[in-house]
Amino acid sequence: MAQEAKVSVATVNRVLSGSEAVRQGTRERVMLAAQQIGFYGMGALRSRVAAARPRYRFGFLLHQPGRAFYHNVAEALRLSAGVIADCEIEVRTEFLDDLSPQHIASRMLALGQECDALGVVAAVHPLVVQAVDTLQARNVPVFALISQISATGEIHYVGLDNWKVGRTAAWAFEHLCREPGKLGILVGNHRYRCQEMNESGFRSYFREHAPGFTLLEPLLTYESRAVAQEMTEKLLTDHPDLSGLYVAGGGITGAIAALRSTRRAGKLIVVGYELMDVTRAALLDGTLTFVISHPLARIAQEALAGMVRAVSAPGEAGSLTAILPFDIYTRENI
């Protein structure tokens, strides 16, 4: 077994006896070697190795329970927690209907009392930043997921470069529209930094490359399906010559419903976010033209690995910013 694991016999004996004076990676290597040679005491060895693994509880505050995207995020976190080596991770997830800064900040503080680290999707607001400062002063690292909470990079972040996301959406309109025209924009809430950067990048591309397009002022959806449907219907009524619609924030399901109910589905270019059942169907029937999506498995892996590093070696890793490549879908590649 020692030869298979490339360690000394004394190290194997320490692992078998449950000694603490062995690194976890070495324990895992010895267990793998024991499994390969058919070691008779695998049950006891697994128990000792498992008992020696560090245990962490990580909490996550996500958006409304009725939104499929955030259930997909939660599932990606659950699956990733089960495959991270050398430790045991318990994932606690809460879905918040009340997205007010006051409520999010209070839930952050409450969940932070029970967890080793926290991941949160939140708008930029002084109350949220204050909650982050309070938790990190208690040695509870906070990770912003999907949308940055701070522009300065002082708060851990795992997500996309949303300026590039916006410019990519603009590129799609320039190349897919038959001629320059009016483009409507839906934004969930300007306090979500990801959405603000989406719109900023979107507009910057047109100023640079396609000034013939007319970009309408964004309409707010407040992350609500019903409001997004209402705002889309308003856009289609007020601008019957609309060439395209950019859903830069929450509300894609409402926008899809409005396009179908007004019989405008497939008659204008529509770019939105996240590949899930409803957007997959909308791509297939032509309601949606182009979807930009978060790589959820990568986001979950980076967030959990970053949390482990931040908790196991506080102060050593500094602030983590993990910018991941985004996925692009049309009906031809889903």
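Colleague: How many disulfides does the structure hold?

Modeller: The structure holds zero disulfides. Bear in mind that this is a predicted model, where local features need pLDDT of at least 70, side-chain atom pairs count only at pLDDT 80 or more, and totals for chains, interfaces and linings use all residues. Residues are numbered from 1 along each chain as its sequence is written, and side-chain values use heavy atoms, with hydrogens and water left out.

Colleague: Take C115 and C194. Is C115 buried or exposed? And what about C194?

Modeller: Buried means under 20% relative accessible area, exposed means over 50%, and partly exposed is in between (1.4 Å probe, protein chains only). C115 is buried because its relative accessible area is 6%. C194 has 11% relative accessibility, so C194 is buried too.

Colleague: And what share of the protein is buried?

Modeller: Of the 334 residues, 51% are buried.

Colleague: How many helices and strands are there?

Modeller: The protein has 13 helices and 13 strands. Those are DSSP runs, numbered from the N terminus: helices are H or I with at least four residues, strands are E with at least two.

Colleague: New topic. What volume does the largest pocket have?

Modeller: About 480 Å³. On a 1 Å grid over the protein atoms alone, a pocket is an open set of points where a 1.4 Å probe fits, with protein on both sides within 12 Å along at least five of seven lines; lining residues have an atom within 4 Å of a point. Grid points are joined across faces, edges and corners, and the volume is the space filled by probe spheres set on the points.

Colleague: Which residues lie nearest the centre of the largest pocket?

Modeller: R67, F69, G249, G250 and G251, out of 31 lining residues. Helix 5 (68-81), helix 8 (162-176), helix 9 (193-209) and helix 11 (252-261) are the elements that give two or more residues to that lining.

Colleague: How does the lining split by class?

Modeller: There are 15 nonpolar, 12 polar and four charged residues. Ala, Val, Leu, Ile, Met, Phe, Trp, Tyr, Cys and Pro count as nonpolar, Asp, Glu, Lys and Arg as charged, and the others, Gly among them, as polar.

Colleague: Now Q195. Where does Q195 lie? And what is Q195 in contact with?

Modeller: Q195 lies in helix 9. Q195 is buried, because its relative accessible area is 5%. Contact means heavy atoms within 4.5 Å. Leaving aside neighbours within four places in sequence, Q195 is in contact with V187, G188, N189, E223, A248, G249 and G250. A polar atom of the Q195 side chain lies 2.6 Å from the backbone nitrogen of G188.

Colleague: E223 is on that list. What is the phi of E223?

Modeller: Near 60 degrees, a positive value in a residue other than glycine. E223 is in the loop between strand 8 (219-220) and helix 10. E223 counts as buried because its relative accessible area is 6%.

Colleague: And N139: buried or exposed?

Modeller: N139 is exposed, because its relative accessibility is 63%. N139 sits in the loop between helix 7 (126-137) and strand 4 (142-145). Its phi is positive as well, about 65 degrees, although N139 is not a glycine.

Colleague: Last one. Where is P240?

Modeller: In the loop between helix 10 (225-238) and strand 9 (242-247). P240 has 60% relative accessibility, so P240 is exposed. P240 and K182 are 58 residues apart in sequence and 9.8 Å apart in space, C-alpha to C-alpha.

Methods: A disulfide is a pair of cysteine sulfur atoms within 2.5 Å. A polar contact is a pair of N or O atoms within 3.5 Å; within protein, one must be able to donate a hydrogen and the other to accept it, and residues adjacent in sequence count only if both atoms are side-chain atoms.
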